[in-house]
Amino acid sequence: MRKPPKGDLPKYIETLVRDALTSKRKECVIWPFWTNNKGYGGITLKRKRVYVHRLAWKIAYGSIPDGKKVLHECDNPPCFNPRHLFLGTQMDNVKDSIKKGRFHHGESGSSAILTEKQVTEIRQRLAKGGEIRKKIGADYGVSRQTINNIAWGLTWRW
Ligand SMILES: [Zn+2]
């Protein structure tokens, strides 16, 4: 993984963020350096991990209210174009995932969509254990991979 350039990283990010805002840039602005396993760009500031998209939001719009998350309109985790970011709750994040079809992967081309309630149920069943994931998926008309994603918390965390 490439290391970010030396020097003042927040300044570097700020320049790109301001540029994206003033140029009304439509495309994603991709963070080219360190990302976490979900693809979110991060830097270390005063020994703390700071996510680039959150930093970009703050630079562009100000502070992030308590309990709010900075979400991606473009569904592209390494993107930090402030015009692609919006504030939401964790629940919005889940709804957004569902809307964008991250939970659509039905095995036979079916387009089963999970509701939040179903996702919660699935998590409860997974937590209880003793069931194979394929079976749980079949009950909801989604693939085992979808169940795996939920199990791994790849797409969200509560
Ligand atoms: Zn984007």
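The model is a predicted one, in which local features need pLDDT of at least 70, side-chain atom pairs count only at pLDDT 80 or more, and totals for chains, interfaces and linings use all residues. Residue numbers start from 1 along each chain as its sequence is written.

**Overall fold**

- The chain has six helices and four strands, where helices (H or I, at least four residues) and strands (E, at least two) are DSSP runs numbered from the N terminus.
- In sequence order, the pattern reads α-β-β-α-β-β-α-α-α-α.
- Of the 158 residues in the chain, 22% are buried; a residue is buried if 20 or more other C-beta atoms lie within 10 Å of its own, exposed if 12 or fewer, and partly exposed in between, with C-beta atoms placed from the backbone.
- Among contacts with a separation of 6 or more, 52% join residues 24 or more positions apart; two residues are in contact if their C-beta atoms, placed from the backbone, lie within 7 Å.

**Nonpolar cores**

- A nonpolar core here is a set of buried Ala, Val, Leu, Ile, Met, Phe, Trp, Tyr and Cys residues joined through C-beta atoms within 7 Å.
- The largest such core holds 13 residues, and I13, V17, V52, A56 and F80 touch the most other members.
- Helix 1 (9–22) and helix 2 (52–61) are the elements that give two or more residues to this core, and helix 2 gives the most, with four.
- A second, separate core has eight residues, including V94, L114, Y140 and V142.
- As background, nonpolar side chains in soluble globular proteins tend to be buried together.

**Helix 1 against helix 2**

- The two helices pack at an angle of about 65° with their axes 9 Å apart; axes are lines fitted to C-alpha atoms, for helices over the stretch in contact, and angles run from 0 to 180 degrees between N-to-C directions.
- On the helix 1 side, P10, I13, E14, V17 and L21 meet V52, L55, A56, I59 and A60 of helix 2.
- The residues of this contact divide into nine nonpolar, no polar and one charged; Ala, Val, Leu, Ile, Met, Phe, Trp, Tyr, Cys and Pro count as nonpolar, Asp, Glu, Lys and Arg as charged, and the others, Gly among them, as polar.
- Leaving aside neighbours within four places in sequence, V17 is in contact with A56, I59, A60, F80 and P82.

**Around helix 2**

- V52, H53, L55, A56 and W57 are the buried residues of helix 2.
- Their cover includes helix 1, strand 1 (42–45), strand 2 (48–51), strand 3 (69–72) and strand 4 (85–88).
- After helix 2 comes G62, which has a positive phi near 110°.

- Within the pairing, T44 stands opposite R49 in strand 2.
- The hairpin has two residues between its strands, and K46 takes a positive phi near 50° there, although K46 is not a glycine.
- R47 lies in the loop between strand 1 and strand 2, and this residue, also not a glycine, has a positive phi near 65°.
- K46 counts as exposed because it has 5 C-beta neighbours inside 10 Å.
- R47 is exposed too, with 5 other C-beta atoms within 10 Å.

Methods. Pairing = 2+ DSSP bridges.
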